[in-house]
Amino acid sequence: MISIQNVSKWFGKFKAVDNINIEVEKGEIFGLLGLNGAGKTTTQRMVSTVFQPSEGDITVNGFDSKINSSEVRRNIGFLPTEVGLYDRLTSREVIRYFGILNDIDYNQIDDKINDVLNRLSLNEYADKRCGKLSRGNKQKVAIARAIIHEPPVFIFDEPTSGLDVISARAVLDFVKQCKEDGRTILYSSHSMYETEEICDKIAIIHDGRILMTDSIKHIQKEYGSLEKAFITTVKGEKSWE
Ligand SMILES: Nc1ncnc2c1ncn2[C@@H]1O[C@H](COP(=O)(O)OP(=O)(O)OP(=O)(O)O)[C@@H](O)[C@H]1O
Ligand SMILES: [Mg+2]
């Protein structure tokens, strides 16, 4: 469903992503793990067509990100790390606005908004202004906005970062539900525990390079835990302090 082939990204003379290869199958949750600055967000932005790879190819649901970037965008919902909502608009208005931007049929839009509000337990906040919402509810609105066009692929960049335990749980349960609905998810997180819980496979990325790609099940068998695998793999590499 997502294919990243020999992809590199240069920012001037700095190589942020160095010849990575990732295959994410339909219905999988694939986690990107790495220290700050490893290249996770850069990778997710390339898949989301925010910018193009300097080298290599990315396809999403069979569409090439260079040749068919608008089709790729139709096939993905991207939740960036830094979420900017319009404080003066209500949750419903923000979601509606993004629905319209994504060409959702006017006759269907209200039903779709109600459905997503329901799934994210946002009903009671639907008509509150975003500026007045808690961090957790703002994040839920950001998720709703990212997926209102019901794409088959979700790209979530640290969706639980900064959330309290209850809000984080709601987001994680929602991501798991999305997998059950058959979505494919490219996920990044700094939490070993949540990655272990929700991901099928992971890649450990460090200084732009992939050091390991494996299934969670196999990693747990080999190393005991994801944290042990991560530390063993990354320790001793450049940029490890
Ligand atoms: N637009 C940009 N211009 C120049 N350098 C950039 C740009 N975006 C990212 N970088 C650099 O690329 C490297 C990878 O950054 P990236 O944001 O992908 O890391 P990350 O793994 O998402 O880290 P974090 O865990 O902190 O979110 C970093 O060294 C970063 O400073
Ligand atoms: Mg990042």
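**Entry 1**

I am working from a predicted model.

I looked up H3 and H4 with that in mind. Their axes come within 10 Å and cross at roughly 130°. I logged their crossing as right-handed.

Next I listed the residues that touch. From H3 I have Arg92, Ile95, Arg96, Gly99 and Ile100. They meet Tyr106, Ile109, Asp110, Ile113, Asn114, Val116 and Leu117 in H4. I sorted this contact by class and got seven nonpolar, two polar and three charged residues.

**Entry 2: H3 against H5**

I turned to the pairing of H3, residues 91-101, with H5, residues 135-147. The two axes come within 8 Å and cross at roughly 25°. That makes H3 roughly parallel to H5, because angles under 35 degrees count as such. I recorded a right-handed crossing for this pair too.

Which residues of H3 meet H5? I found Ser91, Val94, Ile95 and Phe98 on the H3 side. Val141, Ala144 and Arg145 are their partners in H5. The class count for this contact is five nonpolar, one polar and one charged. I noticed that Ile95 is on both of my H3 lists: it belongs to the contact with H4 and to the contact with H5.

**Entry 3: the largest pocket**

I then asked where the open space is. The largest pocket has a volume of about 300 Å³. I counted 14 lining residues. Ile76, Gly77, Phe78, Phe98 and Ala146 lie nearest the pocket centre. Phe98 was already in my notes, as one of the H3 residues that meet H5.

Which elements supply the lining? Strand E6 (76-79), H3 and H5 each give at least two residues. E6 has the largest share, with three. By class I have seven nonpolar, five polar and two charged residues in this lining.

**Entry 4: the cavity**

How many cavities of 30 Å³ or more does the structure hold? I found one. The largest cavity has a volume of about 80 Å³.

I wrote down its lining: Lys112, Asp115, Val116, Arg119, Ile147, Ile148, Glu150, Phe154 and Arg183. H4, residues 106-119, supplies the largest share, four residues. The classes are four nonpolar, no polar and five charged. Val116 is a repeat entry for me: it lines this cavity and is among the H4 residues that H3 meets.

**Entry 5: H8 against H9**

Last, I looked up H8 (residues 216-223) and H9 (residues 226-234). Their axes come within 8 Å and cross at roughly 75°. That makes H8 roughly perpendicular to H9. Ile216, Ile219 and Tyr223 make the contact from the H8 side. Leu226, Lys228, Ala229, Thr232 and Thr233 make the contact from H9. I sorted these by class into five nonpolar, two polar and one charged.

Notes. Residues are numbered from 1 along each chain as its sequence is written. Chains are lettered from A and ligands numbered from 1 in the order in which they are written. This is a predicted model: local features need pLDDT of at least 70, side-chain atom pairs count only at pLDDT 80 or more; totals for chains, interfaces and linings use all residues. Side-chain values use heavy atoms; hydrogens and water are left out. Axes are lines fitted to C-alpha atoms, for helices over the stretch in contact, and angles run from 0 to 180 degrees between N-to-C directions. Angles under 35 degrees count as roughly parallel, over 145 as roughly antiparallel, 65 to 115 as roughly perpendicular and the rest as oblique. A crossing is left-handed if the near helix is turned anticlockwise from the far one by less than a right angle, and right-handed if clockwise. Contact means heavy atoms within 4.5 Å. Ala, Val, Leu, Ile, Met, Phe, Trp, Tyr, Cys and Pro count as nonpolar, Asp, Glu, Lys and Arg as charged, and the others, Gly among them, as polar. On a 1 Å grid over the protein atoms alone, a cavity is a set of points where a 1.4 Å probe fits but cannot get out, and a pocket is an open set with protein on both sides within 12 Å along at least five of seven lines; lining residues have an atom within 4 Å of a point. Grid points are joined across faces, edges and corners, and a volume is the space filled by probe spheres set on the points.
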